[in-house]
Amino acid sequence: MRDKFIIGRYLPLDTIIHRLDPRSKLIFAFFFIVLIFFAHSFATYFWLFLLILTFMKLAHIKLWFLVKGLTPIWIFLIFTFLMHLFLTKGGTRIFELSFISIDTQGILEGIYIVLRLMFIIMISTILTLTTSPIDLTDAFERLLSPLKLVKIPVHLLSMMMSIALRFIPTLMNELDKIILAQKSRGSEISSGGLINRIKAFIPLLIPLFISAFQRAEDLAIAMEVRGYDTKKQRTSYRKLQWRWTDVLVLILLIPIAVILFVLKYIGV
């Protein structure tokens, strides 16, 4: 299960993507996701896909590893495609049976929205795979530090984000242990049809939730024992360093956006 869910995991490699300042990666990922929403043709999505493949190559992340790690969201993507397939009307009617009909516009919109969601998840996953949770939290807090002037608890938000990212692989490990324990008792979890697998996973939720609440309680007690106070000014042991490569990465957003809008408006 852990190999099939990589969102929130970190790969400690030494690549040009890993060495970038986490603030520049956060800013780049944010604006890249914004650009994804402007894509609305196969040419624009192909351009974005080439860019994502380039990022994966620079980060030494294999495409199959990323696709396999996104297995849990495929059901959601298929459901989204089917919703657009049957509910979006327009273009040429290619199938009609009673109240069910399929138009070419529904097929196109379904493909576009699935690609959009896939690219958003892929770029977000590349961000978490190449940035440690601590660096990601520090970058998040530094970028939102101006909000402290309007009394927004930026430190608390960043701390909750850090804990959430740390808990994802922990809960995946816990789920692996529960699955192995159930299999040793003769439970059939990974066999049968889709309905049977869903029914088999329901008994896993109760011990998983109990373990999550127990770990949350242990963490709260540990923080209280160590005298954690949200009102105290927090210092950082690690200092983030902004380099010229980070500036270059953000400048690359300009030609990326220009090519995207050119492909969009020339109707390719």
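Predicted model: local features only at pLDDT ≥ 70, side-chain atom pairs only at ≥ 80, totals over all residues.
Helix H2 has 17 residues and spans 24 Å from its first C-alpha to its last, close to the 24 Å expected at 1.5 Å a residue. After H2 comes His60, which has a positive phi, near 60°.

**Overall architecture**

The protein chain contains 10 helices and 2 strands. Read from the N terminus, its elements follow the order α-α-α-α-β-β-α-α-α-α-α-α. Of its 268 residues, 37% count as buried. The accessible surface of the chain comes to about 16700 Å², and carbon and sulfur atoms account for 70% of that area. Among contacts in the chain with a separation of 6 or more, 73% are between residues 24 or more positions apart.

**Nonpolar cores**

The largest nonpolar core comprises 41 residues, of which Phe32, Leu48, Leu66, Phe119 and Met122 touch the most other members.

The largest share of the core, 11 residues, is contributed by H5. Apart from this core lies another one, of 7 residues, including Leu26, Ala29, Ala139 and Leu165.

The surroundings of Met122 show some of the packing in detail. When residues up to four places away in sequence are left out, Met122 touches Ile52, Met56, Leu63, Leu66 and Leu70. Leu66, like Met122 itself, is one of the core residues that touch the most other members.

**Asp138 in helix H6**

Asp138 is located in helix H6, which covers residues 133-143. With a relative accessible area of 4%, Asp138 is classed as buried, because the value is under the 20% cut-off. The C-alpha atom of Asp138 is separated by 8.2 Å from that of Pro22, although the two residues are 116 residues apart along the chain.

Key
Residues numbered from 1 in each chain as written. Heavy atoms only, no water. Core = buried A, V, L, I, M, F, W, Y, C linked by side-chain atoms within 4.5 Å. Buried < 20%, exposed > 50% of the residue type's maximum accessible area, 1.4 Å probe, protein only. Helix = DSSP H or I, 4+ residues; strand = E, 2+ residues; numbered from the N terminus. Contact = heavy atoms within 4.5 Å. Areas by Shrake-Rupley, 256 points an atom, 1.4 Å probe, with all protein chains shown as cover. Expected span 1.5 Å × (residues − 1).
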